[in-house]
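Please open the structure in a viewer and keep the selection tool at hand. The stops below are arranged so that each selection leads to another.

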Amino acid sequence: MNQISKLTLTLVACLGVAGASTVAVNTAPVMPVVQTASSENLALANRNIADYLADCQQYESSDKQFRGFTSIKQITYTNKHTIKVDVNAELFQLGKARRTLLIDTMQNGVIGTLMDNGLANFSQTAIQKGCKTMIYLNGHVIGRSAAHNYRQINWNK
């Protein structure tokens, strides 16, 4: 996957810009609707997500929207509607607002990648809410999604 698909770019552009105001309107908790994933589908999903991450890291030097992606070492999607993000210490060179925007952009890309490859179905409401996200540095949780708004990240530092 050398190109980011149109759906992924649309999600990144639309939700990345309007994510905060759109999510603020959506206050009811909604779980993303995701197909039951086999271990084979999860492996395929995570390979596609790794390709997405590599593309974003490549674009970082030429596009401000992708700033910070080199601080992400790995993104892992599980069938429990959760994204696990392993980062390096470079993440702390970004302010909290920029870190949160980075994770929001990453969530949009992961959801778009899963949908583009037929590995998940998300309703419009679930797309707006995002995926439950846990952020790790050296095996320790440094950030996590808020309980009722997965796009809001609560940082430990």
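Leaving aside neighbours within four places in sequence, which residues is Glu-60 in contact with? Select Glu-60 and display its surroundings: the contacts are Phe-66, Arg-67, Gly-68, Phe-69 and Thr-70. The model is a predicted one, and in it Glu-60 sits in the loop between helix H2 (39–59) and strand E1 (72–78). Although Glu-60 is buried, it has no salt bridge. The nearest side chain of opposite charge is that of Arg-67, 6.4 Å away, and a salt bridge is counted only within 4 Å.

**The whole chain**

Zoom out and colour by secondary structure. The protein contains four helices and five strands, arranged along the sequence as α-α-β-β-α-α-β-β-β. Of its 157 residues, 48% are buried. The accessible surface is about 7900 Å², and carbon and sulfur atoms account for 53% of that area. Among contacts between residues at least 6 apart in sequence, 62% join residues at least 24 apart.

Now colour by pLDDT. The average for the protein is 81, with 76% of the residues scoring at least 70.

Select residues 96–116, which form helix H3. From the first C-alpha to the last, these 21 residues reach 30 Å, close to the 30 Å expected at 1.5 Å a residue. The helix is mostly covered, since 15 of its 21 residues are buried.

Return to the helix and select Asp-104 together with Arg-151. Their side chains meet in a salt bridge, with an N to O distance of 2.7 Å. This pair links distant parts of the chain, 47 residues apart: Asp-104 belongs to helix H3, while Arg-151 lies in the loop between strand E4 (140–145) and strand E5 (153–155). Are these two partners buried or exposed? Asp-104 counts as buried because its relative accessible area is 8%, and Arg-151 counts as buried because its value is 7%.

**Strand E2**

How many salt bridges are counted in total? The count comes to two. To see another of them, select Lys-84 and Asp-86, whose closest N and O atoms are 3.9 Å apart. Lys-84 is classed as partly exposed because its relative accessibility is 33%, whereas Asp-86 is classed as buried because its relative accessibility is 15%.

Next select Ile-83, in strand E2 (residues 82–87). Ile-83 is buried, with a relative accessible area of 0%. Not counting residues up to four places away in sequence, Ile-83 touches a set of residues that includes Ile-75, Thr-76 and Tyr-77, as well as Met-106, Gln-107 and Val-110. Cys-131, Lys-132, Thr-133 and Met-134 are also among the residues that Ile-83 touches.

From Ile-83, draw a C-alpha distance to Ile-135: the two atoms are separated by 8.4 Å, although the residues are 52 apart along the chain. Ile-135 lies in strand E3 and is buried, with a relative accessible area of 0%. Display what Ile-135 touches, leaving out residues up to four places away in sequence: the list includes Val-85, Val-87, Leu-91 and Ile-103. His-140, Val-141, Ile-142, Gly-143 and Arg-144 are also in contact with Ile-135, as are Ile-153 and Trp-155. A further C-alpha distance, from Ile-135 to Ser-145, is 8.8 Å for residues 10 apart in sequence.

For the last stop, select Asn-138, in the loop between strand E3 (132–137) and E4. What is the phi of Asn-138? The angle is near 55°, a positive value in a residue other than glycine. Most residues other than glycine have a negative phi. Asn-138 counts as exposed because its relative accessibility is 62%.

Definitions and conventions. Residues numbered from 1 in each chain as written. Predicted model: local features only at pLDDT ≥ 70, side-chain atom pairs only at ≥ 80, totals over all residues. Heavy atoms only, no water. Helix = DSSP H or I, 4+ residues; strand = E, 2+ residues; numbered from the N terminus. Buried < 20%, exposed > 50% of the residue type's maximum accessible area, 1.4 Å probe, protein only. Lys, Arg positive; Asp, Glu negative; His and termini not counted. Contact = heavy atoms within 4.5 Å. Areas by Shrake-Rupley, 256 points an atom, 1.4 Å probe, with all protein chains shown as cover. Expected span 1.5 Å × (residues − 1). pLDDT = per-residue confidence, 0-100.
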